[in-house]
Amino acid sequence: MPDFRKLLNDDRVHFFDGGYGTLLQQRGLPAGMSPEIFGLQSPEHVLQVHRDYLAAGSEVLTTNTFGGSRFKIGPDADVYELNKAMCALARKAAGDHAFVAASIGPTGHFCEPLGELTFRELVDVYKEQIRGCAHGGADLILGETHFDLAEARAVVIAAREVCDLPVAVSMTFEGTNSLTGTTPLHFIDTMQNMGVDMVATNCSAGPEQIADVVRAMLPRLSTPLYVAANAGLPELDEQGNTVFRLGPEDFAEQSARFFDLGAKFVGGCCGTGPDHIRALARRSREKSWKRPEPQDRALVLTSRGAGVPLGPGHPAVLIGERINPTGKQQLIQELQQGEQTEALRLAAEQVDRGAPVLDVNVGAPMVDETVALPGLVKALVGRFTTPLCIDSSTPGAVAEALWAYPGSALVNSISGDPGRMAELGPLCARFGAPFILLPIKGKKLPVTAPERIAIIEELLDEAESLGVPRRLAVVDGLALTVSSKPEAARATLETIRHCTEKLGLATTLGLSNVSFGLPARDLLNSTFLSMCLAAGLSSFIANPDSARLREALAASEVLLNRDPQATGFITSYSDWKPTGGAAPAQGGSTGPQNAAPDAGGSHPLFSAVVKGDKDGITPLVQAALDQGGSPFEMVDEHLIPAIMEVGEKYERKEYFLPQLIQSAETLQNAFKLLNPLMEKDGSHEERPCVIMATVEGDIHDIGKNIVCLMLRNHGFDVVDLGKDVTATRIVEEAVERKARLIGLSALMTTTMVRMEDTIALLREKGLDEIKVMIGGAVVTDAFAESIGAHGCSTDAVTAVKLAKQLVQ
């Protein structure tokens with residue numbers, strides 16, 4: 001077979017295969033057994049499914065390795081050998097007639113700060129799986145059905161560390177966002193920054209619904225796209241089984257539209273089989289394809305939940321500069337002691353001022369930046385969705401910070417110093433991190449525009465020679481002090497204009513340098529900012545507290561026609577007075593927990609929970625107790641209303657899973673102080689007990705764990721039995737603990753049927769007083785009713801509401 005990269009670049013459309021789960025069940029896959037383990041025990045069945053798809057017209061076969069990580073297959077199986085064997089099966093079926101895509105699914109674990117794994121550990125888990133796939137004959141590494149941006153990035157980094165195969169990543173979305181809050185467009189931005197060979201979306205819905213996801217990707221899509229929809233939306237048949245009713249011809253008709261939208265590859269996911277692919281290939285085989293031409297070529301900084309574009313047509317971005325030890329004694333002392341309170345306070349203030357990006361610098365005496373910088377990055381990621389700019393002159397610290405960041409951070413900076421580009425350039429390319437290119441080489445500062453442009457061109461050429469895409473560069477226009485070099489400001493304007501118009505690159509500027517040594521520095525800085533914006537400046541590093549800078553920015557955006565109908569300006573400055581207002585900066589990133597929730601003067605405890613201030617809540621509670629506050633009043637009047645507000649924000653899609661977890665853990669920290677005090681009081685209410693478990697045969701427990709956390713915060717005594725739990729044990733624990741409620745979780749259609757085992761056993765024992773609620777991605781109200789459950793939920797917020805209703 002030729003290299004898969006040639007297929008990526010030809011002018012034809014191509015076809016992947018479809019779903020495997022149902023086909024393997026028809027061939028004897030027992031309920032609850034891992035398809036990968038089944039494949040080892042019965043390889044002939046997996047081989048036959050591959051051959052059926054090949055005969056149907058599939059040109060790419062996906063391997064039976066979706067759950068092939070050590071976390072999914074357990075300690076008794078050899079990860080390397082299993083993945084190698086499953087890829088070898090697909091290779092055997094494909095021969096020289098099809099390509100083999102190694103399927104790499106989620107591990108079921110989050111990395112820090114959402115979970116306990118470090119990002120490095122997640123990469124290592126994927127490396128051992130991908131190594132087996134590569135040695136088994138895969139042509140492509142395909143991260144499939146991912147819902148967390150950090151984990152998707154881990155697949156890419158792991159693949160590139162162990163092989164030179166093309167890499168593709170597919171993310172699944174629930175409506176307009178992934179489970180952890182990433183939009184389709186920001187997923188595309190991040191993956192293209194990493195230079196993946198193909199992007200994709202699969203699962204979650206039928207072709208008509210996924211079409212909206214594809215359209216959301218198109219504005220900046222420049223990479224071949226693969227789409228694999230389900231055979232419609234899941235329904236229940238008369239026997240209570242989940243079925244997908246979209247037939248082959250209707251599936252083919254609807255999925256063929258993906259080619260018209262620009263997809264190069266189309267296949268199927270849940271509920272599809274060889275007949276679906278056969279119909280699709282018959283209908284669309286003669287279609288041609290050309291590489292997407294994005295409408296918007298902006299370079300985008302991303303976090304899990306936000307994206308900030310830099311480039312023409314987008315508002316200029318203020319990068320908040322205040323997390324920097326220079327002149328800040330308290331910050332220096334805390335960094336030396338390993339504390340982050342002041343840094344987080346500075347971050348919160350800048351976010352509240354509207355800074356779309358935060359520069360993070362921890363360089364101070366007696367501070368180990370390789371420890372302090374990634375530690376602070378993790379803390380900021382846990383608290384804010386605002387993308388970060390990693391600022392350090394120590395390459396090792398930059399590297400450690402990039403290992404801790406879940407999206408595309410901006411690196412500050414790469415200059416012409418010997419070895420700087422060689423050390424940091426490939427690192428930025430590896431992590432998909434845009435970088436500030438500083439046109440300084442040697443000890444002499446380049447004053448004129450030609451001098452600066454010559455250094456910029458030289459550094460860009462060096463970057464490309466190292467395999468670093470020049471599009472990742474954000475050129476610093478270099479603001480020099482006009483008090484000593486009067487001509488320098490004009491040179492900066494010429495440099496910005498050249499980079500914008502001739503090179504097509506984003507630009508930035510350390511604004512305050514220009515006015516050093518002069519009076520009325522704010523006046524000079526704001527005037528110079530307006531001139532630079534007119535020349536095409538994309539971003540600037542400054543203090544967002546400066547009202548004059550914010551005013552200049554807002555006014556310039558109107559005059560440059562980047563604030564439609566002057567909406568932002570009118571909103572912020574309708575009450576403006578010449579003394580200066582306090583409007584937030586323009587061009588902010590959008591993301592939850594980035595704005596103060598207590599604009600109406602809410603209590604600090606309420607605000608801390610809504611903001612997810614895990615570290616700040618404990619001293620606030622202690623201060624309230626020291627002032628004679630009642631634990632019960634704190635809980636009833638501030639803490640519970642706060643977590644209810646978080647739940648409402650989650651339901652409105654203002655918050656996503658990371659913010660939900662952060663706020664829930666903040667409340668847990670408050671309860672650590674308050675619960676012992678309330679338990680001493682005789683008036684303390686007995687908490688209703690709920691037994692929580694993932695049913696037998698199912699090893700997915702992320703959703704269940706989050707529900708447990710939320711239930712505890714809402715006053716339940718939660719007994720978490722873990723995953724793969726038998727009905728017998730669940731019922732025994734419920735009886736022993738006098739539980740009023742059982743919560744059952746299942747992710748897979750093959751294991752959700754085991755939920756009925758628990759309900760049947762309760763009936764058999766006459767325990768009708770114990771209510772049962774069920775949950776999971778594939779669970780529906782109709783299924784809950786069919787098995788006799790008292791209700792179902794698909795997320796933690798609705799689970800809490802349901803639990804409260806059932807124990808009333």
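A polar contact is taken here as a pair of N or O atoms within 3.5 Å, where, within protein, one atom must be able to donate a hydrogen and the other to accept it, and where residues adjacent in sequence count only if both atoms are side-chain atoms. The legends describe a predicted model, in which local features need pLDDT of at least 70 and side-chain atom pairs count only at pLDDT 80 or more, while totals for chains, interfaces and linings use all residues. Residues are numbered from 1 along each chain as its sequence is written, and side-chain values use heavy atoms, with hydrogens and water left out.

View 1. Thr 302 belongs to strand β11 (residues 299-302); strands (E, at least two residues) and helices (H or I, at least four) are DSSP runs, numbered from the N terminus. A polar atom of the Thr 302 side chain lies 2.9 Å from the backbone nitrogen of Ser 408. With a relative accessibility of 0%, Thr 302 counts as buried, a term used for under 20% relative accessible area, as against exposed for over 50% and partly exposed in between (1.4 Å probe, protein chains only). When residues up to four places away in sequence are not counted, Thr 302 touches Leu 149, His 186, Asp 189, Thr 190, Gly 307, Pro 387, Tyr 405, Gly 407, Ser 408 and Ala 409, contact meaning heavy atoms within 4.5 Å.

View 2. Eight strands form an open sheet with parallel pairing, in the order β1-β10-β7-β6-β5-β4-β3-β2; two strands are said to pair if DSSP finds at least two bridges between them. The edge strands, each pairing on one side only, are β1 and β2 (60-62). Between β1 and strand β10 (residues 265-268) the parallel pairing extends over 2 bridges, and Phe 15 stands opposite Val 266 in β10. Helix α10 (residues 207-217) packs on the sheet, where it touches β6 (198-202) and β7, and its direction makes about 155 degrees with that of β7; axes are lines fitted to C-alpha atoms, for helices over the stretch in contact, and angles run from 0 to 180 degrees between N-to-C directions. Helix α11 (residues 248-261) lies across β1, β7 and β10 and runs at about 150 degrees to β10.

**View 3. The buried residues of helix α12.** In helix α12 (residues 274-284) the buried residues are Pro 274, His 276, Ile 277, Ala 279, Leu 280, Ala 281 and Ser 284. These buried residues of α12 pack against β1, α2, α4 (43-56), α11 and β10.

View 4. A search of the whole structure finds 11 aromatic pairs, defined for rings of Phe, Tyr and Trp (its six-membered ring) whose centres lie within 6.5 Å, with planes under 30 degrees apart counted as stacked, over 60 as edge-to-face and the rest as tilted. The rings of Phe 16 and Tyr 226 are stacked, because their centres are 3.9 Å apart and their planes meet at 20 degrees. Phe 16 lies in the loop between β1 (14-15) and α2 (21-26) and Tyr 226 in strand β7 (residues 225-229), so this pair ties together parts that are 210 residues apart in sequence. Phe 110 and Phe 147 form an edge-to-face pair, with centres 6.1 Å apart and planes at 85 degrees. This pair links distant parts of the chain, 37 residues apart, with Phe 110 in the loop between β3 and α7 and Phe 147 in the loop between β4 and α8 (149-162). Phe 110, at 8% relative accessibility, counts as buried, as does Phe 147 at 18%. One aromatic cluster is formed by Phe 4, Phe 16, Phe 99, Tyr 226 and Phe 265. Over the face of Phe 265 lies Lys 264, at 6.0 Å from the ring centre; a charge sits over a ring if NZ of Lys or CZ of Arg is within 6 Å of the ring centre and within 35 degrees of the ring normal.

View 5. The peptide bond from Glu 112 to Pro 113 is cis, with omega near 5 degrees, and Pro 113 lies in the loop between β3 (99-104) and α7 (119-135). Another cis peptide bond joins Asn 412 and Ser 413, with omega about 10 degrees, and Ser 413 is found in strand β16 (residues 410-414). Thr 145, a residue other than glycine, has a positive phi near 60 degrees; Thr 145 lies in strand β4 (residues 140-146) and counts as buried at 15% relative accessibility. Leu 478, although not a glycine, has a positive phi of about 65 degrees; Leu 478 is found in the loop between β18 (473-476) and α19 (488-501) and, at 6% relative accessibility, counts as buried.
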